[in-house]
Amino acid sequence: SGRRRVMREMYPGRGVVRSFPLAVVGLPTHDVAALRRQALLQGIVLGSVLVVLSATLMYVTVLMQEQRVVRATVAALRADNERLLESLKRTDRLAVLGRMAATMAHELRNPLSSIRGFMQLFRKKAGAAGDATMCQYAELVISEVDRLNRVITSMLEFSRPVEVQIERVALGPVIENAVRLIKGDAQARHVTVTVGVDPGVGEVALDKNLITQALLNLFLNALDAMPEGGYLTVTGERDGEWVRISVRDTGKGIPKHLLGQIFEPFFTTKPNGTGLGLATVDNIVAEHGGRVRVESEEGRGAVFHIELPLNREV
């Protein structure tokens, strides 16, 4: 059997492929170990180079990104500075115009009073003479003089520096007192007024006279927005370190494109408005260290939020 096996090895069968080495290279064992050490060292060096290159590339990428951020920040700051300078210039011009307007308004009050007095006398004489047409003309002139007087009074009040007398008072009575002042007008216009003040608000540092004036301006605007009646809701609640007074109406609302202009002086959509009511509100609240926000949807009413700091020092 051993002989048959040898024969099969020497003469393989047909279709059987045999492989055999063409050459055999022999190396000493110490040379193989040296090659292994060399290959390991080359791998370590190559890995170190790749790590250094990766770290360098990452550093350069981060540095370039930081430079882009710095350039964008510098550009934004420059733009903000330019806008601030323009705003300061505009504020200076408005301040000069405001002083001029206040002076002119003060000077106009006396002749307007004279015109009103003479027209009252004219109306009386025309009535005695039975001239109804002249009486109507006199009434028209008197009503226009009264309207101008209201505008002038509003201008003088707006231009007068606000002197805030801060004291700690309960918020509920301040709101209820302001509501009491417009209750008769609200009933005449078929407007239902609801007041709700959270008892947890406690005392707030504010000037009750000025806040009453601000609330009255908001209430009157709300009544004007509801000529056919509706609901006026006034609430007071605490929101963290702030107290929020909300005045909500169910009137015609404010168009979205006008929301950014309603606090500007002399901007109004009312035929007989002065455009100083909301500007006065904004001024009063700002003197309290607070802010005014408005939310409105045209045709569904508006809500004004007066937010005052709760823990302001007295």
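Two residues are in contact when heavy atoms lie within 4.5 Å. Among contacts in this protein between residues at least 6 apart in sequence, 72% join residues at least 24 apart.

## Basis of the model

The model is predicted: local features need pLDDT of at least 70, side-chain atom pairs count only at pLDDT 80 or more, and totals for chains, interfaces and linings use all residues. Residues are numbered from 1 along each chain as its sequence is written, and side-chain values use heavy atoms, with hydrogens and water left out.

## Overall architecture

The protein contains 6 helices and 7 strands; these are DSSP runs numbered from the N terminus, with helices being H or I of at least four residues and strands E of at least two. Along the sequence the elements follow the pattern α-α-α-β-α-β-β-α-β-β-α-β-β.

Of the 314 residues in the protein, 25% are buried. Buried denotes under 20% relative accessible area, exposed over 50%, and partly exposed in between, with a 1.4 Å probe and protein chains only.

## Helix α4

Helix α4 comprises 18 residues, 171-188, and should span 26 Å at 1.5 Å a residue; its end C-alpha atoms are 27 Å apart, which agrees. The expected span is 1.5 Å times one less than the number of residues. A kink of about 50° is centred on Ile182, where the bend at a residue is the angle between axes fitted to the seven residues ending there and the seven starting there. Just after α4, His190 adopts a positive phi of about 60°.

The buried residues of α4 include Leu171, Val174, Ile175, Ala178, Val179, Ile182 and Ala186. An α-helix has 3.6 residues a turn, so residues three or four places apart point the same way. The cover over the buried residues of α4 includes the strands β1 (167-170), β2 (191-197), β3 (203-206), β4 (230-239) and β5 (242-249), together with helix α5 (208-224).

Strands are taken to pair if DSSP finds at least two bridges between them. β2 and β4 are parallel, with 7 bridges; Thr194 has Thr233 in β4 as its bridge partner.

β4 and β5 run antiparallel and are joined by 8 bridges, and Glu237 stands opposite Arg244 in β5. The two strands form a hairpin with 2 residues between them, and Gly240 in the turn has a positive phi of about 65°.

In α6, residues Leu278, Ala279, Thr280, Val281, Ile284 and Val285 are buried.

Strand β6 (residues 291-296) runs antiparallel to β7, and 6 bridges join them. Glu295 has Val303 in β7 as its bridge partner. The β6–β7 hairpin has 5 residues between its strands, and Gly299 in the turn takes a positive phi of about 90°.

## Aromatic side chains

Rings of Phe, Tyr and Trp (its six-membered ring) pair if their centres lie within 6.5 Å; planes under 30 degrees apart count as stacked, over 60 as edge-to-face and the rest as tilted. By this rule there is 1 aromatic pair. The ring centres of Phe263 and Phe304 are 6.3 Å apart and their planes stand at 85°, so the pair is edge-to-face. The pair links distant parts of the chain, 41 residues apart: Phe263 is in the loop between β5 and α6 (277-287), and Phe304 is in strand β7 (residues 302-309). Phe304 counts as buried because its relative accessibility is 8%.

Arg291 lies over the face of Trp242, at 4.0 Å from the ring centre. A charge sits over a ring if NZ of Lys or CZ of Arg is within 6 Å of the ring centre and within 35 degrees of the ring normal.
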